[in-house]
Every structure is written in structure tokens, then in C-alpha cells.
Amino acid sequence: MRRVAIDAALLATEGLTEIEIKLLTEGYEKLDVDGQHTPFCAAISYLLKNYF
């Protein structure tokens, strides 16, 4: 499940600028309306910060 979430995040970055990817990464680090983090947000944020 983690791999699917990471693949989806990477796919979402296609065609985005560096600034847009940074904003996407910041979005993964925030809580949703229910006060919950996105599943696997730590792994996704780490990957996006270090990959881009």
C-alpha cells in the first residue's frame, strides 16, 4: 500500500514546477479536516524533498 501511495505522489508531480512540487510536499505534511495525516505522508514527504 505504501508503494502505491508513493507511486501516486510521483505521478502527481509530472509536469509540475519545482515550486508546485514544494507546495505538494507541504500539503502532505499538514493535517486534513479530521486532524489526520495522509497515509504514508512521512515517506512521501521524504521522497519528494530528496528526489526533487
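A residue counts as buried when its relative accessible area is under 20%. In this predicted model, Ser45 has a relative accessible area of 5% and is therefore buried. Ser45 is placed in helix H3. Apart from neighbours within four places in sequence, the contacts of Ser45 are Thr25, Tyr28 and Glu29. Thr25, in turn, is part of helix H2 and has a relative accessibility of 6%, so Thr25 is also classed as buried. With residues up to four places away in sequence set aside, Thr25 touches Ser45, Leu48 and Lys49.

These residues belong to the packing of H2 against H3. The two helices pack at an angle of about 160°, and their axes are 9 Å apart. Angles over 145 degrees count as roughly antiparallel, and H2 and H3 are therefore roughly antiparallel to each other. The crossing of H2 past H3 is left-handed. On the H2 side, the contact is made by Leu24, Thr25, Tyr28 and Glu29, and on the H3 side by Cys41, Ile44, Ser45, Leu48 and Lys49. By class, the residues of this contact comprise 5 nonpolar, 2 polar and 2 charged.

A salt bridge joins Glu29 and Lys49, with the closest N and O atoms 2.7 Å apart. Glu29 lies in helix H2, which spans residues 18-29, and Lys49 in helix H3, which spans residues 41-51, so the pair ties together parts that are 20 residues apart in sequence. Glu29 is partly exposed, its relative accessible area being 35%, whereas Lys49 has a relative accessibility of 52% and counts as exposed. Glu29 is also one of the residues in contact with Ser45, and Lys49 is among those touched by Thr25.

Leu24 is likewise located in helix H2 and takes part in the contact of H2 with H3. Its relative accessibility is 23%, so Leu24 counts as partly exposed. Beyond residues up to four places away in sequence, Leu24 touches Ala9, Ala12, Thr13, Leu16 and Leu48. The C-alpha atom of Leu24 is separated by 12 Å from that of Ala8, a residue 16 positions away along the chain.

H1 also packs against H3, at an angle of about 40° and with the axes 10 Å apart. That angle makes H1 oblique to H3. H1 passes H3 in a right-handed crossing. The contact involves Arg2, Ala5, Ile6, Ala9 and Leu10 of H1, together with Ala43, Ile44, Leu47, Leu48 and Tyr51 of H3. Its residues divide into 9 nonpolar, no polar and 1 charged.

Across the whole structure, 2 salt bridges are found. Besides the pair formed by Glu29 and Lys49, a salt bridge is formed by Arg3 and Asp7, whose closest N and O atoms are 3.6 Å apart. Arg3 is exposed, at 57% relative accessibility, and Asp7 is partly exposed, at 36%.

The loop between H2 and H3 contains Phe40. The phi angle of Phe40 is near 65°, a positive value in a residue other than glycine. Most residues other than glycine have a negative phi. Phe40 has a relative accessibility of 34% and counts as partly exposed.

Methods:
Residues numbered from 1 in each chain as written. Predicted model: local features only at pLDDT ≥ 70, side-chain atom pairs only at ≥ 80, totals over all residues. Heavy atoms only, no water. Salt bridge = Lys/Arg side-chain N within 4 Å of Asp/Glu carboxyl O. Buried < 20%, exposed > 50% of the residue type's maximum accessible area, 1.4 Å probe, protein only. Helix = DSSP H or I, 4+ residues; strand = E, 2+ residues; numbered from the N terminus. Contact = heavy atoms within 4.5 Å. Axes fitted to C-alpha atoms, helices over the stretch in contact; angles between N-to-C directions. Parallel < 35°, antiparallel > 145°, perpendicular 65-115°, else oblique. Left-handed = near helix turned anticlockwise from the far one by under 90°. Nonpolar A, V, L, I, M, F, W, Y, C, P; charged D, E, K, R; others polar.
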